[in-house]
Amino acid sequence: MWHLYLPIAGSSVNVLLIFAMGGFVGLLSGIFGVGGGFLMTPLLIMVGIPPTVAAASDSNQIVGASTSGTLAHYRLGNVDFKMGILLLIGGVAGGTVGVQIIKVLRELGNADFLIKITYVLMLGFVGIYMFIESLQAMRKKEAKETAPKGESRYAKLVKKLPWQTYFEKSGVELSILMPLILGIFVGILAAIMGVGGGFIMVPVMVYLLRMPMHVVVGTSLFQILFTCVNVTIMQAHTNHTVDFILALILLLGSTLGAQFGAMISKKLKGDQLKILLASIVLIVMVKMLLSLLLTPHIMLAYKGGH
Amino acid sequence: MKRSLKKIGINTMIICLGLSMVLALSGIGMGGSLKLRLEPNVIIIGATYNGASIKVTGEVPQGSEAVIYVTGHRRDTEFKKKGKALGLLWMNIGTVVFHDVPNLYLLFTSDQANIKSLPIGFEALKKEISITPEPEDKDFLFREFLKLKTKEGLYSINKGALEYGKSINGTKPFTCNVTLPSKLVPGNYEVHLAAINSGKVIASAKEILKAEEKGLPNLVASLAFQHSTTYGVLATVIAIIAGLIMGIIFKGGKGGH
């Protein structure tokens, strides 16, 4: 009764299940400002959607979810458009470079190995660093240390860069080269790993651009919106892998989830948000590590997935 | 004259023998009483399609067993082969191509039928499918291939799914409910009937089953494949509008934020 046939995926799915999955990932997206691609794509594959269709349709639904999330965060004053656009320009350039790198890697063979190892190392590094840092910050919150020890050398370097400008929403003064260069870096990694890059971008904004956590979430969603518009159109055009019906069901769930997520995000403190995101990143890392270590049930997989 | 008549008789006998052998090999030799009907013979894949059931009925010669198998169109399929990298981590370590893989293979028999040694079933399919690059472990790879296809519901052997009625005039009627999976792509499928006796196929028949997309799935699929860029742009625009609508609805409900 609750089943719907998906013409591009070539399969029938339970609407309620897909809606619930969208809601769950949308909630996380709204809270943390991550697109959720690294969670949604594996979930869709688990319910029988072909990997290529899962990834492409997910980017379509992220367009909707991040629109809704960006709007909610914009109303709360959490979107730094200036910073977002600069990161976006860097991200697009980096993505283009990343696609070329992955092409070369595939020709050399063993690209999958490098991709998965990069994934596990990145997730592990980002997750552990955020977790420990937020835990320490939460413990020290009464001490109110204004000058973190690591800032000096890094801050000096950052201040030496030309074209310094003030980012009002984030309350930081930086060279415009910073978001551009970091955007390129995240773009390259995201393209290699085949994800939107939200979970790398958020720590980059927090730790390297020193933006406040709440502005980070809104700005990240704003940037993800554009990245996913680009990916959806490209995938629909070249691979015919966007299942709009699947995306629409996910979207209804995720936009609803994203709104609740933005509300929860506002109620949580920055460090609480960081520690929660760090935990999710670490869980995904452990799951991926296990999939590398445990013997698979089936020794063959369709070509085309991650 | 007598000799030439005798020669004609021998020639006729050889021709008759040859013809009967050809007929027997092509499976229609004793198939006079073979009947196969599909109800319905067209499956509509609409928006709410979630698998379908078709009733297959027919007749086989008394003393034989009926085997029904449904196959889809064949094409080469690429797979990633998993193996251990650095002796520790499970990775995709290469690509293999399975040639002439049917996209559907469902087999239905009665409890009594024995399909071993017949050119039907998974063992026969293994011989029909070749793999490149030629593997040392074809049996193992084919087993893994079957696991994958069975998990998807696209391949199955259903014993005891076919029932017989009372035999009349040397024919044995049968009924079989063929359940088609929810993961069905549109196209033509072949429903085969094989009458088997003493480990051999003595007659066979075939009907075409059509699976057609209608309504919303058809509209979306044709747009996605024929006007892919428009489809991509439309998909993002609708997603943005849906996101904005949700945002506006929520603002109305939660004005305090």
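B:Pro40 is found in chain B, in the loop between β1 (35-39) and β2 (42-45). Here helices (H or I, at least four residues) and strands (E, at least two) are DSSP runs, numbered from the N terminus. The peptide bond that joins B:Glu39 and B:Pro40 is cis, with omega about -5 degrees.

The structure is a predicted model, in which local features need pLDDT of at least 70 and side-chain atom pairs count only at pLDDT 80 or more, while totals for chains, interfaces and linings use all residues. Residues are numbered from 1 along each chain as its sequence is written, chains are lettered from A and ligands numbered from 1 in the order in which they are written, and side-chain values use heavy atoms, with hydrogens and water left out.

A cis peptide bond also leads from B:Thr132 to B:Pro133, with omega near -5 degrees. B:Pro133 is found in the loop between β8 (131-132) and α3 of chain B. Two further residues have backbone angles worth noting. Phi is near 55 degrees in A:Arg210, a positive value in a residue other than glycine. A:Arg210 is found in the loop between α8 (198-208) and α9 (213-238) of chain A, and A:Arg210 is partly exposed, at 35% relative accessibility. On this scale, buried means under 20% relative accessible area, exposed means over 50%, and partly exposed lies in between (1.4 Å probe, protein chains only). In B:Asp100, phi is again positive, near 55 degrees, although the residue is not glycine. B:Asp100 has its place in strand β6 of chain B and is partly exposed, with a relative accessible area of 41%. As background, most residues other than glycine have a negative phi, and most peptide bonds are trans.

Chain A contains eleven helices and five strands. Of its 306 residues, 54% are buried. Among the contacts in chain A with a separation of 6 or more (contact means heavy atoms within 4.5 Å), 74% come from residues 24 or more positions apart.

The interior can be followed through its nonpolar cores. A nonpolar core is a set of buried Ala, Val, Leu, Ile, Met, Phe, Trp, Tyr and Cys residues joined through side-chain atoms within 4.5 Å. The largest nonpolar core has 75 residues, and the members that touch the most others are A:Phe32, A:Leu44, A:Ile49, A:Met83, A:Leu174, A:Leu209 and B:Tyr231. Helix α11 (residues 270-293) of chain A gives the most to this core, with ten residues. Another core, of 57 residues, lies apart from it and includes B:Leu36, B:Tyr49, B:Ala113 and B:Leu193. A:Phe32 is in contact with A:Val202, A:Val217, A:Leu273, A:Leu276, A:Leu277 and A:Ile280, leaving aside its neighbours within four places in sequence.

Attention now turns to where the chains meet. Contacts join 63 residues of chain B to 56 residues of chain A. The area buried between the two chains (the accessible area, with a 1.4 Å probe, that two parts lose on being put together, summed over both) is about 5200 Å², of which carbon and sulfur atoms give 70%. A salt bridge is a side-chain nitrogen of Lys or Arg within 4 Å of a carboxyl oxygen of Asp or Glu, and across this interface the rule finds zero salt bridges. The elements that give two or more residues to the side of chain B that touches chain A are β5 (74-85), β6 (89-102), α3 (138-151), α4 (215-226) and α5 (228-253) of chain B. α5(B) gives the most to that side, with 18 residues. One residue that reaches across is A:Leu293, which touches B:Leu88, B:Leu89 and B:Trp90, not counting residues up to four places away in sequence. A:Leu293 is found in helix α11 of chain A and is partly exposed, with a relative accessible area of 39%.

Over all chains the count comes to eleven salt bridges. A:Lys274 forms one with A:Asp271, the closest N and O atoms being 3.6 Å apart. Both residues lie in helix α11 of chain A, three residues apart, about one turn of the helix. A:Lys274 counts as buried, at 10% relative accessibility, whereas A:Asp271 counts as partly exposed, at 22%. A:Glu133, A:Asp271 and A:Lys274 are linked in a network of salt bridges.

In chain B, B:Glu65 forms a salt bridge with B:Lys172, with 3.9 Å between the closest N and O atoms. B:Glu65 lies in strand β4 (residues 65-71) and B:Lys172 in strand β11 (residues 171-180) of chain B, so the pair ties together parts that are 107 residues apart in sequence. Both B:Glu65 and B:Lys172 are buried.
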